[in-house]
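Open the structure in your viewer and keep the selection tool at hand. The stops below go through a sheet, a helix beside it and a pair of helices.

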Amino acid sequence: MASTSAVRRLTLTDFRNYAHLRVELSRPLVALAGANGAGKTNLLEAVSLLVPGRGLRGVEFPALARQGGSGQWAVAATIETPDGEREVGTGWRPNDDGEAASTRAVMIDGLQQKSAGSLADILRMVWLTPAMDRLFQGPPGDRRRFLDRMVVLFDAGHASRVNAFEKLMRERNALLAEPNPDGAWLSSLEVQMAESAVAVSAARLAAISTLARHVAQSEHHGPFPWAALSITGAMEDLVMQHPAVEAEDIYRRDLARGRSADRAAGRALAGPHRSDLHVVHGPKAMPAEFCSTGEQKALLIGLILAQARAAKSLFGASPMLLLDEIAAHLDPARREALFRLLETLGSQVFMTGTEASLFDGAGASAVVYLVDGGQLSESR
Ligand SMILES: Nc1ncnc2c1ncn2[C@@H]1O[C@H](COP(=O)(O)OP(=O)(O)O)[C@@H](O)[C@H]1O
Ligand SMILES: [Mg+2]
């Protein structure tokens, strides 16, 4: 991906509250304005399914099918990329026996893909949603997922790494729950878990330093502060202190020794799935969780922008940004500053807000749509 990619045509079929929507997009900033419940976040969610994963709400695929619709859903997009236009389609429908399928289908240029993973070759994406307002106070799992998404931004292979570890861990949990687990099978799972755990933690540490390097080289001014990130986790400590093979060996032995404790707990008590991301408000040298609500929001925006800029300097193009309810808590001057920063990124940005006027400062690079009743209409 030498240069930026953008969605030029988007079609939703029976997706959430959209029976059928087709929209052509040409400008870099796409603003969606509409009342609560109009379907703004649903549209961002549809776009977020153009990359691997379960989308920005992280829900199960059946929930995305429109109530009162066909029971299936589909999202299709024409994506302009440096290699020309790519046709991407994804969707879900119940199995023939009526049971809920847990995976979605993905087509790229008319070819059925083995998994959603191949979408990673087409688009990179970062999002910020109101649910993330509690990121610094909420459970570590949310911060870990935020961290892993950032890693994926810099290193697309990270998603499959994390999945592989989680799959192995689930297998081991299930095996430990059996009355007489097969020791050789356990050992083999633990060897593989150790390999993937070290790979996961090493990639996280690499991403954190990529971001830190980028932040150190950037100028800092404007309303969105820089953040200092670190990972609190025994697995990352291990990877920092030992060469990879040794770290694998240590964790593998810990797993073997921890079998009875893990069996009693019903889960693995140690591993990269226990790590946490710690964020510090750079200019104030203040842990993010101690910052005011407004400071936290500004810090998050700063962090998302820094990720986008770091990815841009790595790959020559900024990722696509999905910024849900971004305008709500910013005064007009900050909104204006944000729009200018987004313009300089040069990538496509989807933003939402309750009023079209919130996007007045976005200028000619923006198109503003009114969202109502599952339809879009251009506001200017
Ligand atoms: N599977 C679904 N089928 C039909 N409507 C849905 C589905 N899921 C959510 N909705 C509706 O979508 C609306 C919420 O849309 P959303 O995009 O979150 O609104 P907002 O514009 O406030 O971001 C609600 O009215 C909700 O009932
Ligand atoms: Mg919303």
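This is a predicted model. Begin with the open sheet, which has six strands in the order S8-S12-S13-S3-S14-S15 and mixed pairing. Select residues 125-128 for strand S8 and 375-378 for strand S15: these two are the edges of the sheet. Each has a single partner strand, so one side of each is left without a neighbour in the sheet. Going from one strand to the next, the twist averages 20 degrees.

Next, select residues 29-33 and 349-353. These are strands S3 and S13, which run parallel and are joined by five bridges. For one pair to look at, pick Val 30; its bridge partner in S13 is Phe 350.

Then move to two other helices: select residues 140-154 for H2 and 183-217 for H4. How do their axes meet? They come within 9 Å and cross at roughly 75 degrees. An angle from 65 to 115 degrees counts as roughly perpendicular, and H2 and H4 are therefore roughly perpendicular to each other.

To see the contact itself, show Leu 147, Met 150, Val 151 and Phe 154 in H2. They meet Ala 203, Arg 204, Ala 207 and Thr 210 in H4. Colour these residues by type: six are nonpolar, one is polar and one is charged.

Notes
Residues are numbered from 1 along each chain as its sequence is written. Chains are lettered from A and ligands numbered from 1 in the order in which they are written. This is a predicted model: local features need pLDDT of at least 70, side-chain atom pairs count only at pLDDT 80 or more; totals for chains, interfaces and linings use all residues. Two strands pair if DSSP finds at least two bridges between them. Helices (H or I, at least four residues) and strands (E, at least two) are DSSP runs, numbered from the N terminus. Axes are lines fitted to C-alpha atoms, for helices over the stretch in contact, and angles run from 0 to 180 degrees between N-to-C directions. Angles under 35 degrees count as roughly parallel, over 145 as roughly antiparallel, 65 to 115 as roughly perpendicular and the rest as oblique. Two residues are in contact if their C-beta atoms, placed from the backbone, lie within 7 Å. Ala, Val, Leu, Ile, Met, Phe, Trp, Tyr, Cys and Pro count as nonpolar, Asp, Glu, Lys and Arg as charged, and the others, Gly among them, as polar.
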